[in-house]
Amino acid sequence: MPRVKIITDERCTGYARTGHPENPRRVAATVARLHSQTELPLAWVTPGENVSDEIILRAHTPEMLARLEVPEDFDADTPFFENISGYARASVTASLDALKFARNGETVFSLMRPPGHHATREKSMGFCYLNNIAIAALEARATGAKRVAVFDFDVHHGNGTEDILLNQPGVEFFSVHQHPAYPNTGAENAGHNCFNYPVAPNAPRAAYRAKLAHALDDLRSYRPDLVAVSAGFDAYLHDPLSESALLPEDFYWLGESLRALGVPFFSLLEGGYSEDLPELIFAYLKGVEGK
Ligand SMILES: [Zn+2]
């Protein structure tokens, strides 16, 4: 029986700052929820060998990589932690493993932290240290994928992903997000390959769904041979970091819609800060698996 692969490592819960929304419980509670359910057959995988600098440096500058070792906060949202470089690299490794599994025709979700989509080529920011999805997309391109689509449904604009992938050949970026909201980018399209679908704060749920559907239509028209998904669950109605209105069934629908593309795809956890995050991820995975 096919099993959904969940890539995670309990060590990714090893850093925290009191009161910070991007906390270890996000992953720990999701792991517990997924262990307690019987509807979806899962296979648990630990990230493999550490990623080489060469692969990271396709997306980031050497200065930015070196900065991860300097024990000073990156900005007010993005603290320095001891060994944050190791945590960030493990999250990148998981994203590259997810890419490999997707290419084998497997269903896969990387349940790791830190997230990555706000990290730009030169700067760690917005709870993100290295840009997992951009690194994986560039690795896919470097190893044979001709047309890679990155789909980002986190409620915040994937500014870092856009910064890194802007005008890169063979990659298109589609981001649906609340605007205005952190980081206040993504109001318009950028370059020839970055497509932004801003949704106003407090927009009705149907309007948000329509934007997601529009983005997915455009993504389909691009005819990608691989899709990398920045899966953020903070456009949820009860998320403390947004004013958006999606419900668990919308995340199910997103999973189902991505599966219906009929193209290999993999998903990486980005944001999602409500107590219901485990239920939202579970709903998404059920959609992905058509359950
Ligand atoms: Zn977010």
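Where is the place of A187? A187 lies in the loop between strand 5 and strand 6, with helices (H or I, at least four residues) and strands (E, at least two) taken as DSSP runs numbered from the N terminus. The model is predicted, so that local features need pLDDT of at least 70 and side-chain atom pairs count only at pLDDT 80 or more, whereas totals for chains, interfaces and linings use all residues. Residues are numbered from 1 along each chain as its sequence is written, and side-chain values use heavy atoms, with hydrogens and water left out.

At 42% relative accessibility, A187 counts as partly exposed; buried denotes under 20% relative accessible area, exposed over 50%, and partly exposed the range in between (1.4 Å probe, protein chains only). Residues up to four places away in sequence being set aside, A187 touches H179 and P198, where contact means heavy atoms within 4.5 Å. The C-alpha atoms of A187 and L34 are separated by 36 Å, the two residues being 153 residues apart along the chain.

A search of the whole structure finds 14 aromatic pairs. Rings of Phe, Tyr and Trp (its six-membered ring) pair if their centres lie within 6.5 Å, and planes under 30 degrees apart count as stacked, over 60 as edge-to-face and the rest as tilted. Y15 and Y87 form a tilted pair, with 4.8 Å centre to centre and 45 degrees between the planes. Because Y15 lies in the loop between strand 1 (4–7) and helix 1 (25–36) and Y87 in helix 4 (residues 84–103), this pair ties together parts that are 72 residues apart in sequence. Both Y15 and Y87 are buried.

A tilted pair is also formed by F153 and Y284, at 5.4 Å centre to centre and 55 degrees between the planes. F153 lies in the loop between strand 4 (148–152) and helix 6 (159–165), and Y284 in helix 9 (residues 277–289), so the pair ties together parts that are 131 residues apart in sequence. F153 counts as buried at 1% relative accessibility, and Y284 is buried with a relative accessible area of 0%. Ring pairs link F153 and Y284 with F109, F151, F233 and F251 into a cluster.

Charged groups also sit over rings, a term applied if NZ of Lys or CZ of Arg is within 6 Å of the ring centre and within 35 degrees of the ring normal. The charged end of R113 sits over the ring of Y15, 3.9 Å from its centre. R209 lies over the face of W253, at 4.1 Å from the ring centre.

Helix 4 has 20 residues and reaches 29 Å from its first C-alpha to its last, close to the 28 Å expected at 1.5 Å a residue; the expected span is 1.5 Å times one less than the number of residues. Helix 4 is mostly covered, as 16 of its 20 residues are buried. Within helix 4 lies S95, which counts as buried at 0% relative accessibility. The side chain of S95 reaches the backbone oxygen of V92 at 2.6 Å. Beyond residues up to four places away in sequence, S95 touches S110, N132, A136, F266 and L268.

S91 is likewise placed in helix 4 and counts as buried at 3% relative accessibility. The side chain of S91 makes a polar contact with the side chain of N132 (3.4 Å). A polar contact is a pair of N or O atoms within 3.5 Å; within protein, one must be able to donate a hydrogen and the other to accept it, and residues adjacent in sequence count only if both atoms are side-chain atoms. With residues up to four places away in sequence not counted, S91 touches M112, R113, P114 and N132. Just after helix 4, G105 takes a positive phi of about 80 degrees.

Helix 7 (residues 205–221) has 17 residues and reaches 25 Å from its first C-alpha to its last, close to the expected 24 Å. In helix 7, Y208, L212, A215, L216 and L219 are buried. They cover an arc of only 100 degrees around the axis, which puts them on the same side of helix 7; the arc is that of the directions from the helix axis to the C-beta atoms. The buried residues of helix 7 pack against strand 4, strand 5 (171–178), strand 6 (194–199), strand 7 (226–231) and helix 8 (248–260). The face turned away from the buried side of helix 7 carries the exposed residues A206 and S221. Just after helix 7, R223 takes a positive phi of about 55 degrees.
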